[in-house]
Amino acid sequence: MTTNSPTTTDWWRDSVIYQVYVRSFADGNGDGIGDLLGVRSRLRYLSALGVDAVWLTPFYASPQADHGYDVADYRAVDPLFGTLQDADALVRDAHAQGLRVIVDVVPNHTSEAHAWFVEALAAGPGSAARERYHFRAGRGENGELPPNDWESVFGGRAWTRLPDGDWYLHLFAPEQPDLNWEHQGVRAEFENILRFWLDLGVDGFRVDVAHGLVKAPGLPDVGTGAGVELLGSAELPFFDQEGVHEIYRAWRRILDAYPGARMAVAEAWTPGPERTARYVRPDELHQAFNFHYLGTDWSADALREVIDASLAGSAEVGAPATWVLSNHDVRRHVTRYGGGAIGLRRARAAALLTLALPGSVYVYQGEELGLPEVLDLPDDVLQDPRWERSGHTERGRDGCRVPLPWSGERAPYGFGAPGGAAPWLPQPREWRELSVEVQWDDPTSTLSLYRSALAIRRTHPELGDGAALRWLDAPAGTLVFSRGESLVCAVNPGAEPVRLPEYGAVLLASAELPGGGVLPADTAVWYAVDGG
Ligand code: TEU
Ligand code: CA
């Protein structure tokens, strides 16, 4: 155990990990869809930005019913994204640039095109092949009613009936049948999948739906008639069951057996920080996403409460806290915080707050450019299964997945080769002004703010997993804390400017400061404390 003496092998304890949504990051072959070649070509950007690691969303063989979160072969690269050689070269190139690489593992469900599910369909009701999934007879006189009342996260019921009469469980799309983790063959296979990618040299895994693998015995009804609420306080028979932890203890033994410091981060949606902390006990996973932080409003009281709860939860188990503002499943935070100029202003302040908190930070591609959610995608380009499954009442997650603007005057703004196919989702015209090229040399840009903050983080050991956070006396409605003796972070999420005591020289500010110790609304500042 290394919880009290951070060493270089504990890189994940204070790393800034950049999430690459492969399909939307950079298109290397000009077919309009991001790919591994594209990621490789932009590694230099990521190391110049100053992040420590990249997390790549699934690039495995998949029919793409849920953009790769429906995996048909966990050891193969989908031709859409490249080849296994490309993956190998990407890991090597990243390491040569000083970047670690985390890949996604999707253990809750496979694709319906996975060999196991194909076999199960062919083998018929009652067969051993069906035991790897959750097949059941229906209720009702002729089995015409689903086996229980569970609903899919994407909307609609979580069961689909086959022509042979059996129903199968899918907590997500029907193309994503849930695996049965009571089956020893399922456990053994995933342990081997982890080894396959560890052998290839990856530094860790992001565990998809880590809270969902084990279902309550007998698959009991939820009973409330309510839909699935991911951060709700209700106990659900398919989420956050005790049995998942045994799986992660087995995975931890595999990770620990490899040279170097290999890690895993849980995508676990739980009722509260104390439940999330259970995934990062010393013999389980290394990190868990902090969705409670992501879900918190832009308010001093709410933020302070979630920060304290998160720090307490992770301290109790000796794990580093993690912080995240956006990912490929949620509305981009510029838009969540109000959109437009005010949303961007708050997002910039939130970046300085987040990067000053103790622990590790996840940055979602494009947040360093201040990208907003794209709210006006035309109906006919929408691809998220949520759109269809909600009967066109929920537009889904495509608006945070629009391909990045890199350079140039017109679409695809350097995302792919000029003259190539149009990007899989159209980029707004206003994004020309938000491209990497436009922002890189502009000292006032959001990209420059992130670069500066990341550079300061690297040279200030108190940041990251360094010194404890200490709240300082501060005007009502603000957040002010120190990290060690030399750094103070002050944030004003309120609507009115406040006057602050003297903390020291301004190291970095999210907006222009009027001077005289005044911290404007929706602004954050890092101060270098005198003598520190
Ligand atoms: O997400 C799990 C999850 O429950 C939510 O993020 C959910 O997808 C979203 O709120 C629904 O709108 C993971 C992946 O991050 C997501 O992209 C996949 O769709 C999902 O698992 C299924 O694999
Ligand atoms: Ca491509």
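I call a residue near a molecule if one of its heavy atoms lies within 4 Å of it.

**Ground rules.** I am looking at a predicted model, where local features need pLDDT of at least 70, side-chain atom pairs count only at pLDDT 80 or more, and totals for chains, interfaces and linings use all residues. Residues are numbered from 1 along each chain as its sequence is written, ligands are numbered from 1 in the order in which they are written, and side-chain values use heavy atoms, without hydrogens and water.

**Around the ligand.** I looked up who surrounds ligand 1 and found 18 residues, the closest being Asp 66, His 109, Asp 208, Asp 329 and Arg 386. I sorted this shell into seven nonpolar, three polar and eight charged residues (Ala, Val, Leu, Ile, Met, Phe, Trp, Tyr, Cys and Pro count as nonpolar, Asp, Glu, Lys and Arg as charged, the others, Gly among them, as polar).

**Polar contacts.** I took pairs of N or O atoms within 3.5 Å. A polar side-chain atom of Asp 66 is 2.5 Å from an oxygen atom of ligand 1. For Asp 329, I read 2.5 Å between a side-chain N or O atom and a ligand 1 oxygen; for Asp 208, the distance is 2.8 Å. Of the 490 Å² of accessible area that ligand 1 has on its own, the protein covers 97% (Shrake-Rupley method, 1.4 Å probe).

Conventions
A polar contact is a pair of N or O atoms within 3.5 Å; within protein, one must be able to donate a hydrogen and the other to accept it, and residues adjacent in sequence count only if both atoms are side-chain atoms.
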